[in-house]
Amino acid sequence: MRRLPGTTFRLLGTLGGAFFLILVLLNDASANDQRRFGLWIEAEGAKTAFDSPSDVREVLQFTEGQGLTDLYCQVYRNGRSWFPSLMADDAPYRRALAQGVDPLRTMIDTAHRRGQRVHAWFNTLRIYHNREAPLLKVIGAEAVQKDSYGNSLLTYNGSGIGPGAMGEGYQLDTPGLWLDPASPEVRRYLVETIRDLVTAYPDLDGVHLDMVRFPFLMRRKGTSAATIPGGIGYSEASLKRFYEFTGRPVPPITAKLVRSLEESSAWDTWRRAQVTLLVFEIKELLNSLAPDIEFSAA
């Protein structure tokens, strides 16, 4: 999690097989050593948390009397939402509503009566294996990251292993379809999804971004150290915008060019900047809609 000024975070462990507990300690002397205990609540894990009235009741019972001050509720995962949205696949929200519960509304209202804060936990750039995500249908395959061999992550298998030479040497640290933050269309779509969230629940206490990074490649066991290096984030559109940004003519996108970029600090800086830009654009939206909302990222 991103450290806010004067704040430290310590992972304490897991509870109930589905929830992850963290301690947040405010070190600011003016806060009188106020301790904040937060719980990350997965929408789908060992249990479902927000799919039905009974799910929500169980979460509310579990989070009462534990000394918890902050509840991080996972309401956007794999391109699906547990809040009403024109951008995401909000079928989980609509299924819960048909059973008589608005999960996030119930969490906020109950938590606020208890003096607890509720943060919307948002899995930002990873949509797992959901090829039916609305974002993909609207933007197309170019929304998904490519590796330095030109393979889209759409061609990777469920274990995060790609085709050809890349798959022989590497696999993704976290398998799944990762969106490309270098795509203005992807960034705009995610920002508008968060607009749906905050518009529907203006009394949210926080928005928490998870999976707001590039995936990275791990060497497969038994792979020779001489394997050709590989990386993620090499879409043609991103390469083109990188050269346009640097003010240099866009060269033909060849394998040789891509290999040369793997040792380029300017290229690394460019890719990092795309993630930063996405976070900045979301923060700008929050400043305009809910300037007092707490904003964090993992």
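**Notes on the predicted model**

1. To start with the overall make-up: the protein has nine helices and 10 strands. Please keep in mind while reading that this is a predicted model.

2. On burial and surface, 51% of the 298 residues in the protein are buried. The accessible surface amounts to about 13700 Å², and carbon and sulfur atoms account for 54% of that area.

3. The contact pattern is worth a look too. Taking contacts between residues at least 6 apart in sequence, 69% link residues that are at least 24 apart.

4. Now to helix 2, which spans residues 91-98. Its buried residues are Ala91, Pro92, Tyr93 and Ala96. What do these buried residues of helix 2 pack against? Their partners are strand 5 (80-81) and helix 3 (103-114).

5. Next, the second largest pocket, which holds about 180 Å³ of space. It is lined by 13 residues, and those closest to the pocket centre are Ala141, Glu142, Asp180, Ser235 and Ala237.

6. Which element gives the largest share of the lining of this second largest pocket? That is helix 7 (residues 236-246), with three residues. Sorted by class, the pocket lining contains six charged, four nonpolar and three polar residues.

Terms used: Residues are numbered from 1 along each chain as its sequence is written. This is a predicted model: local features need pLDDT of at least 70, side-chain atom pairs count only at pLDDT 80 or more; totals for chains, interfaces and linings use all residues. Side-chain values use heavy atoms; hydrogens and water are left out. Helices (H or I, at least four residues) and strands (E, at least two) are DSSP runs, numbered from the N terminus. Buried means under 20% relative accessible area, exposed over 50%, partly exposed in between (1.4 Å probe, protein chains only). Contact means heavy atoms within 4.5 Å. Accessible areas come from the Shrake-Rupley method with a 1.4 Å probe; for residues, only the protein chains shown count as cover. On a 1 Å grid over the protein atoms alone, a cavity is a set of points where a 1.4 Å probe fits but cannot get out, and a pocket is an open set with protein on both sides within 12 Å along at least five of seven lines; lining residues have an atom within 4 Å of a point. Grid points are joined across faces, edges and corners, and a volume is the space filled by probe spheres set on the points. Ala, Val, Leu, Ile, Met, Phe, Trp, Tyr, Cys and Pro count as nonpolar, Asp, Glu, Lys and Arg as charged, and the others, Gly among them, as polar.
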